[in-house]
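This report goes through a protein model from its fold down to single residues. The sequence and structure come first.

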Amino acid sequence: MSNIVQFKRPKAADRHKGNTLCRRGFHKWEPVKGTPFDVDSGRLVTRYRCVRCGATRTEAR
C-alpha cells in the first residue's frame, strides 16, 4: 500500500493571516536597512517598509 496524503483546504484565518490588518491601515512599519535615510532638498527623508505586506512609505522631517 502506498501512503495516502489528505489534502485539506486552508482555513480562512490561515489564508488571510496578517493581511487584514494591513488592509485596514494597521501596517507594521520598519525602516529600510539598505538606505537608512536620504537627504532631499534639505530635509531628512526616511524610507519605511511594512513587514507583513511589503508596502513602502517615506517620511520627511
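## Fold and model basis

The protein contains two helices and four strands, where helices (H or I, at least four residues) and strands (E, at least two) are DSSP runs numbered from the N terminus. In sequence order, the pattern is α-α-β-β-β-β. With a radius of gyration of 20 Å, well over the 10 Å that the globule rule gives for 61 residues, the protein is more spread out than a compact globule. That radius is taken over C-alpha atoms, and the globule rule is 2.2 Å times the number of residues to the power 0.38.

This is a predicted model, in which local features need pLDDT of at least 70 and side-chain atom pairs count only at pLDDT 80 or more, while totals for chains, interfaces and linings use all residues. Residues are numbered from 1 along each chain as its sequence is written, and side-chain values use heavy atoms, with hydrogens and water left out.

## Extent, burial and surface

The C-alpha trace spans about 70 × 25 × 10 Å along the principal axes of the protein. Of the 61 residues, 11% are buried; buried means under 20% relative accessible area, exposed means over 50%, and partly exposed lies in between (1.4 Å probe, protein chains only).

Contact is defined as heavy atoms within 4.5 Å. Taking the contacts between residues at least 6 apart in sequence, 22% join residues at least 24 apart. The protein exposes about 5800 Å², and carbon and sulfur atoms supply 52% of this area. Accessible areas come from the Shrake-Rupley method with a 1.4 Å probe, and for residues only the protein chains shown count as cover.

## Charges and the salt bridge

There are 15 positive and 5 negative side chains, and the centres of the two sets lie 12 Å apart. Lys and Arg count as positive and Asp and Glu as negative, without His and the chain ends; the place of a charge is NZ of Lys, CZ of Arg, CG of Asp or CD of Glu.

The structure holds one salt bridge, meaning a side-chain nitrogen of Lys or Arg within 4 Å of a carboxyl oxygen of Asp or Glu. R57 and E59 form this pair, at 3.6 Å from N to O. R57 is partly exposed at 34% relative accessible area, and E59 is also partly exposed, at 23%.

## Residues in the helices

A13 belongs to helix α1, residues 12–15. Its relative accessible area is 58%, so A13 is exposed. Between A13 and R49, 36 residues apart in sequence, the C-alpha distance is 24 Å.

Helix α2, residues 19–23, includes R23. R23 counts as exposed because its relative accessibility is 59%. From R23 to K11, 12 residues away along the chain, the C-alpha atoms are separated by 19 Å.

## A60 in strand β4

Strand β4 covers residues 56–60 and includes A60. A60 has a relative accessible area of 40%, so this residue is partly exposed.
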